[in-house]
Each structure stands twice: as structure tokens, then as C-alpha cells.
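Please read the following report alongside the sequence and the 3D view.

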Amino acid sequence: ASDEPTLDYGDKVIILPQTDNIRELHTLLLDRDCQSSDFNFYSQRLIRLVVETSLGLLEMEAKDVITPTGNTRSCTERYPHCHETSTLGDTFSGLELKDDAVGVSIMRGGQAMEKGLRECLKSVRMGHILIHHEKDSTEPQLLYSHLPPNTKQTRVLLLDPVLGSGATLNEAINVLQTHGGADPKNLIFLNLFATHAGLRSVTEKYPEMYIVTSGIVDNASSINFSSRYFQA
């Protein structure tokens with residue numbers, strides 16, 4: 001984790017509470033001796049926490065449902081022509097997702113997060129963006145993009161486990177804008193490890209976008225997430 005004091009990036013940047021559970025997962029994942037199968041297992045645990053927090057940012061609407069069982073009473077209370085006594089369910093006033101959301105993973109690290117997203121958001125449509133960095137250039141290059149439909153009107157959950165300098169994420173957002181008409185205010189970036197430099201770069205350029213991360217690290221490249229997760 002980062003030794004730099006936590007900075008205030010505003011209410012659009014959500015850093016998961018650094019509970020003992022989160023800190024243990026960070027310790028396991030940052031340990032160079034963590035075996036590949038364990039690395040994937042603990043990664044998915046952390047991804048699930050980030051995904052569930054991010055889904056809480058989606059717009060909901062009221063919905064009433066009837067519970068399977070409830071108080072035993074005459075059914076004439078609900079149905080006037082019924083003269084039997086039976087067990088009727090109670091009414092529960094809850095919520096349901098108002099609009100669909102789509103996912104876009106920044107390859108290849110973001111693909112590791114797709115499983116957790118699909119387990120929480122059933123039948124979510126996914127897209128992919130591949131961005132390359134030349135060794136002698138600081139400018140990222142778009143190599144491939146396939147975006148899901150409706151990125152202009154719906155919430156887009158953008159996936160990348162590691163946020164380093166912010167250059168890759170900034171380019172991915174640019175692709176979503178130019179190729180898919182996405183509005184940054186409708187983007188939610190899901191992330192495991194972020195640096196202060198990356199957060200500053202992205203929030204200065206896109207202050208209206210939500211970012212959900214599990215924690216801050218000093219050196220993003222030291223994690224080597226994709227190679228460890230995909231064993232390559």
C-alpha cells in the first residue's frame with residue numbers, strides 16, 4: 001500500500017474502507033511468493049467487493065414484491081370473492097435496477113474482472129479495448145476496440161485492475177467518447193490498485209467520472225497483475 005497520505009479526490013473517487021479483510025487481500029496479492037492459483041482466487045474475492053460497491057452507484061427505482069409466506073389470515077382481505085383461510089405473502093417494498101449497464105474491459109488485465117461482474121450483473125453485455133504503449137513513447141496507441149451497443153445512453157462499467165500513470169485509462173475514455181458517444185459522467189471505473197499519480201491524471205481530465213478502487217499503491221508496475229493472473 002502507499003505510504004503517501006490519502007488525498008481528497010472528491011466524492012467521485014471511492015476507496016474501499018481499509019478493513020482488516022481488505023488489507024489481508026492486499027497483502028496476499030502483493031506478496032511475490034503468492035502462487036498463481038491463490039493469486040487468482042484472492043483477486044476474484046477483491047474484484048467482487050469492488051463490483052458490489054460499484055453497482056451501488058447505479059440508479060434504482062421502487063419495486064414491491066410479495067414474499068413467499070406471511071401471516072395466516074382470510075384471503076378475503078386481498079381477494080373479496082375468496083372465503084378460505086390461507087397463508088398469504090407479505091408485501092416488501094424494495095428496489096430494482098432502473099436501467100441496464102454495460103461493461104468494457106481494458107485488455108488484458110480488465111478481462112480478469114469480467115467474471116466478477118457477470119456474477120453480480122447477470123447477462124451484462126461486454127466490450128473490449130486494447131491499448132498499446134511503445135517503449136520509447138508516452139502516447140498510448142489504440143490497437144482494437146469492440147464496444148457494446150448503447151454506450152451513449154447507458155452506464156458503462158470500465159474495468160482495469162491496475163491504474164498506473166493514467167495514460168491508458170484516459171485513452172480508453174477517449175475511445176468510448178469518440179467511438180461510442182459515451183458521456184464521462186455515465187462512466188464508472190472499477191479498479192483494484194491505483195496510484196496517486198494515476199488518480200490525479202484522470203480526475204483532473206474527467207472529474208465527473210466515478211472511480212471505485214480497493215486501495216492505493218506506490219508503484220503499479222511492481223504488481224505485474226496480468227502476467228501473474230494469466231500466467232504469461
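## The largest pocket

In this predicted model, the residues lining the largest pocket divide into 12 nonpolar, 11 polar and two charged. The lining has 25 residues, and those nearest the centre of the pocket are His133, Asp160, Val162, Thr168 and Ser226. The space in this pocket comes to about 720 Å³. Rolling a probe the size of a water molecule over the atoms shows where such empty space is left.

Which elements supply at least two residues each to the lining? They are strand 6 (101-107), strand 7 (125-133), strand 10 (162-163), helix 4 (167-180) and helix 6 (225-230). Strand 7 contributes the most, with four residues.

## Helix 5

Helix 5 covers residues 196-205, and its buried residues are His196, Gly198, Leu199, Val202 and Thr203. Viewed down the helix axis, these buried residues fall within an arc of 155°, so they line one face of helix 5. Glu204 and Lys205 are exposed, on the face of helix 5 turned away from the buried side.

What covers the buried residues of helix 5? The cover includes strand 1 (13-15), strand 11 (187-194) and strand 12 (210-216), together with strand 10 and helix 4. Strand 10 and helix 4 also each supply at least two residues to the lining of the largest pocket.

## Helix 1

Helix 1 runs over residues 20-30, with Ile22, Leu25, His26 and Leu29 buried. Down the axis of helix 1, the buried residues fall within an arc of 100°, which means that they line one face of the helix. Asp20 and Thr27 are exposed on the other side of helix 1.

The buried residues of helix 1 are covered by elements including helix 2 (36-55), helix 6, strand 11 and strand 12. Strand 11 and strand 12 are also among the elements that cover the buried residues of helix 5. Helix 6, for its part, supplies at least two residues to the lining of the largest pocket.

## The chain as a whole

The secondary structure of the chain consists of six helices and 12 strands. Of the 232 residues in the chain, 44% are buried. The chain exposes about 12600 Å², and carbon and sulfur atoms supply 47% of that area.

How much of the contacts with a separation of 6 or more comes from residues 24 or more positions apart? Such residues account for 67% of these contacts in the chain.

How values were computed. Residues numbered from 1 in each chain as written. Predicted model: local features only at pLDDT ≥ 70, side-chain atom pairs only at ≥ 80, totals over all residues. Heavy atoms only, no water. 1 Å grid on protein atoms, 1.4 Å probe; cavity = no way out; pocket = protein on both sides within 12 Å on 5 of 7 lines; lining within 4 Å. Points joined across faces, edges and corners; volume = space filled by probe spheres on them. Nonpolar A, V, L, I, M, F, W, Y, C, P; charged D, E, K, R; others polar. Buried < 20%, exposed > 50% of the residue type's maximum accessible area, 1.4 Å probe, protein only. Arc of directions from axis to C-beta. Contact = heavy atoms within 4.5 Å. Areas by Shrake-Rupley, 256 points an atom, 1.4 Å probe, with all protein chains shown as cover.
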